[in-house]
Amino acid sequence: MAKRSAPVALALGGGGTKGIAHLGVLRALEQRGLQVAAIAGTSIGGLVAAVYATGRPLADIIRRVASLQQGSLFRRGKEIDNALLGLEGVAEVLLELIGEKYFEELPIPLAVTAVDLNTGQEIVLHSGRVLDAVLATIALPGIFPPRQIGEHVLIDGGVSNPVPVGVARWLRPGLPVIASVLSAPPMAEKPLPVTNLLPPLPVLERLSQFRLARALNVFTQAMNINGRVLTELRLDIDKPDAIVRPDVDHIGLLDPIDVEDFLARGEAAAAGLTVGLGQRARAWLRRGDA
């Protein structure tokens, strides 16, 4: 007898390259027979959500991620003067994976979050060209360039909403919402990762000795601290039905990608998914295991 699919909504949080662990969470959900019927994401979570929402097989996505040359992802265009790094390489990979699709064409309802740099307003992107929205949600301020969409100058959505649980619930009201969170739980007392913002290229390695680079590391440490606190506040307010926390908090923003390790950490976190679930969500999960 074929396993029935139980629909859930998914909220994927931000966290730099450690967000590859979201793919492990998705693989675990698929293996349990859970159907992602709506997906929302912030920053790297928005990127993973967008690629998955195209309906591309997860195995294909994982193979493409494993083949990435990380050093080529953050090239800067000549016109960029407001960011340390660029997203030229990232945009090329996204164009390959997402193409010119619009939100309205996606088989899985998708939304990603960003923040208007001029007003501080949180912007939920759920229409228009998906590629533009992804480049906005991953635009970490000062590190990657802001993205202009319409009248808005947009930066990384994690500035205001690190894990968009409420957005996922809005996409498909009535479904249990699973949040995949990349930061440590409260009182974990884990040391924060030291982030190397500069890719391992000869010229940039020398630049990393300059005071600017060291100052930026202090800045990103402070952002990590703020992100942890804000994440817990938003989770307490938005109350997802389940929280999955891959053990990746020690990994820096742009650390090298170890795909198999990140996938394993995501899958391991999702293995205990029923722990702490409410009655409604457990009922959905029982349907998925039927």
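Reply: This is a predicted model. In helix 4 (residues 88-98), the buried residues are Gly 89, Val 90, Val 93, Leu 94, Leu 97 and Ile 98.

Me: What puts these residues on the same side of helix 4?

Reply: Around the axis they span an arc of only 145 degrees, and therefore they lie on the same side of helix 4. In general, an α-helix has 3.6 residues a turn, so residues three or four places apart point the same way.

Me: What covers the buried residues of helix 4?

Reply: The cover includes helix 2 (44-53), helix 3 (58-66) and helix 5 (130-137). Just after helix 4 comes Gly 99, with a positive phi of about 70 degrees.

Me: Why is Val 229 called partly exposed?

Reply: Its relative accessible area is 49%. Buried requires under 20% and exposed over 50%; the value for Val 229 falls in between, and therefore the residue is partly exposed. Val 229 is located in helix 8 (residues 211-238). Together with Ile 225 and Leu 233, Val 229 makes a nonpolar surface patch of about 280 Å².

Me: How do you know that strand 3 and strand 4 pair?

Reply: Pairing requires at least two bridges. Strand 3 (residues 110-116) and strand 4 have four bridges, in the antiparallel sense, and therefore they pair. Thr 113 has Val 124 in strand 4 as its bridge partner. The two strands form a hairpin with five residues between them, and Gly 120 in the turn has a positive phi of about 80 degrees.

Me: Which residues make up the covered and uncovered faces of strand 4?

Reply: Ile 123 and Leu 125 form the covered face, whereas Glu 122 and Val 124 form the uncovered one.

Notes: Residues are numbered from 1 along each chain as its sequence is written. This is a predicted model: local features need pLDDT of at least 70, side-chain atom pairs count only at pLDDT 80 or more; totals for chains, interfaces and linings use all residues. Side-chain values use heavy atoms; hydrogens and water are left out. Patches are made of residues with over 30% relative accessible area and no salt bridge: like charges are joined within 9 Å, nonpolar side chains (Val, Leu, Ile, Met, Phe, Trp, Tyr) within 5 Å. Accessible areas come from the Shrake-Rupley method with a 1.4 Å probe; for residues, only the protein chains shown count as cover. A salt bridge is a side-chain nitrogen of Lys or Arg within 4 Å of a carboxyl oxygen of Asp or Glu. Buried means under 20% relative accessible area, exposed over 50%, partly exposed in between (1.4 Å probe, protein chains only). The arc is that of the directions from the helix axis to the C-beta atoms. Contact means heavy atoms within 4.5 Å.
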